[in-house]
Every structure is written in structure tokens, then in C-alpha cells.
Amino acid sequence: MKRKDGRYLQLFPGVQGTQRVVTLPGGWLVDVTFTHVPQPRAVTVRGVTVPTLAVGARWLTLVPPQGHGALLVILNGETPVFADADVCAATGMGEDGLPWLDDLYLDVRATLNADWTPGVPEIIDADELDAALYSGEITPEQHALAWATARDLAGQVARNEHPLLEAIRAFVTFR
């Protein structure tokens with residue numbers, strides 16, 4: 001497993017922005033807005049390319065205190081464009097005040113329409129999950145948990161019933 005934490009401004013060389021952590025009823029929200037991005041980035045989901053790292057992009061990651069999925073929503077200005085659910089074994093809050101998750105490799109991602117309706121989700125990084133199993137980095141039980149969780153998250157996204165997506169939308173809309 002690889003541990004991920006909320007140090008988003010340190011992930012990409014030269015990137016600058018603001019970051020804060022807010023405690024919500026659904027977990028810990030890391031709210032990052034990028035003010036300087038030397039190399040913008042985009043991702044393609046089911047043939048649709050969306051900007052993910054650019055000046056003015058806002059990343060909102062909600063990490064629940066329990067469960068097996070955290071959610072990143074990317075806004076372009078105030079418009080949602082992308083959602084990525086990390087499948088994880090565990091989550092928590094670090095001594096540094098940043099939430100963390102033990103990533104189980106699979107992600108469920110989808111584009112988002114301006115009204116927050118998700119596009120058709122896709123599950124990615126199965127090869128990374130399998131490699132972690134074959135190398136002994138994760139157990140067969142964790143492999144099975146990752147797939148069960150990813151399928152459940154994909155179903156929630158497809159039905160527009162993902163509770164973390166709704167919590168992030170409410171945070172953005174009603175703040």
C-alpha cells in the first residue's frame with residue numbers, strides 16, 4: 001500500500017496556491033486552490049479530456065474517518081469538472097493536521113457536469129493493484145476489498161448517490 005496525504009502543493013514542482021483543512025460532518029476536507037502552475041495537466045475520462053491542474057483549479061478532497069473511499073473533486077473556477085474516488089484500506093488524521101489514507105491502488109473516476117451530475121464512471125489502475133498483490137505488498141483479502149469497494153463506489157457514482165460527492169457539493173454551494 002502507498003500512503004497518501006494532503007500535501008497537494010508539494011506534489012508538483014513549482015506549483016503554488018492556498019490550502020486549508022476543514023472538518024465536516026463527513027470527514028476532513030482538504031481545500032486547495034492553485035495560483036501558479038508551471039505545467040498545466042489534464043486527464044482523459046472515457047474520451048473526454050478535462051483540466052485537472054491549472055491556475056484557478058480547486059481541489060477538494062474529503063477523507064472520511066472510516067470506510068474505504070476518499071473523494072477528490074476538481075473545480076475549474078466554481079464549475080465541477082472531475083471526481084476521483086481513492087479506494088483505501090484505512091484513513092486518519094496525521095499529527096501534522098493533514099488527513100491521510102492507505103491507498104489500495106484502484107480509483108473510480110468520472111467527469112462532472114456543471115450541475116454536479118457525474119458522467120459514466122470508470123475503474124482504473126487494476127494493473128497496479130494486481131502488481132501489489134503479486135509482490136506481497138497487499139494481501140488477497142485487501143485485493144478483494146479493493147475490488148468490492150471500487151464496484152460499490154462506481155455504482156454510487158453512476159446513480160449519483162455518492163455521499164462524499166454530495167457533502168463536497170454542499171460545502172461549495174452553501175459556504
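The model is predicted, so local features need pLDDT of at least 70 and side-chain atom pairs count only at pLDDT 80 or more, while totals for chains, interfaces and linings use all residues. Residues are numbered from 1 along each chain as its sequence is written, and side-chain values use heavy atoms, with hydrogens and water left out.

Helices and strands are taken as DSSP runs numbered from the N terminus (helices H or I, at least four residues; strands E, at least two). Two strands are said to pair if DSSP finds at least two bridges between them. By this criterion, strand β4 (residues 41-45) and strand β5 (residues 48-53) are paired in the antiparallel sense, with five bridges. Arginine 41 has leucine 53 in β5 as its bridge partner. Two residues stand between the strands of this hairpin, in which arginine 46 adopts a positive phi near 50°.

Eight salt bridges are present in the structure, a salt bridge being a side-chain nitrogen of Lys or Arg within 4 Å of a carboxyl oxygen of Asp or Glu. In one of them, lysine 4 is joined to aspartate 86, with 2.9 Å between the closest N and O atoms. This pair links distant parts of the chain, as lysine 4 belongs to strand β1 (residues 2-5) and aspartate 86 to strand β8 (residues 79-93), 82 residues apart. Lysine 4 also meets aspartate 103 in a salt bridge, at 3.4 Å from N to O. Here too distant parts of the chain are linked: aspartate 103 lies in strand β9 (residues 99-111) and lysine 4 in β1, 99 residues apart.

The accessibility of these residues was classed by relative accessible area (buried under 20%, exposed over 50%, partly exposed in between; 1.4 Å probe, protein chains only). Lysine 4 is partly exposed at 30%. Aspartate 86 counts as buried at 11%, and aspartate 103 counts as buried at 1%.

A further salt bridge connects glutamate 122 and arginine 109, whose closest N and O atoms are 2.8 Å apart. Because glutamate 122 lies in strand β10 (residues 122-124) and arginine 109 in strand β9, this pair ties together parts that are 13 residues apart in sequence. Both glutamate 122 and arginine 109 are buried. Through shared partners, salt bridges join Lys4, Asp86 and Asp103 into one network.

Aspartate 84, in strand β8, is buried but has no salt bridge. The nearest side chain of opposite charge is that of arginine 109, 5.5 Å away; Lys and Arg count as positive and Asp and Glu as negative, whereas His and the chain ends are not counted. With contact defined as heavy atoms within 4.5 Å, aspartate 84 touches Ala70, Leu71, Leu72, Asp107, Val108 and Arg109, residues up to four places away in sequence not being counted.

A cavity is a set of points where a 1.4 Å probe fits but cannot get out; a pocket is an open set with protein on both sides within 12 Å along at least five of seven lines; lining residues have an atom within 4 Å of a point. Grid points are joined across faces, edges and corners, and a volume is the space filled by probe spheres set on the points.

One cavity of 30 Å³ or more is counted, and the largest cavity has a volume of about 30 Å³. Its lining consists of Leu71, Ala83, Asp84, Ala85, Val108, Arg109, Ala110 and Val157. Strands β8 and β9 are the elements that give two or more residues to this lining. The largest pocket has a volume of about 650 Å³. Of the 34 residues lining the largest pocket, Lys4, Trp59, Leu72, Asp84 and Asp107 lie nearest its centre. Strand β9 gives the most to that lining, with seven residues.
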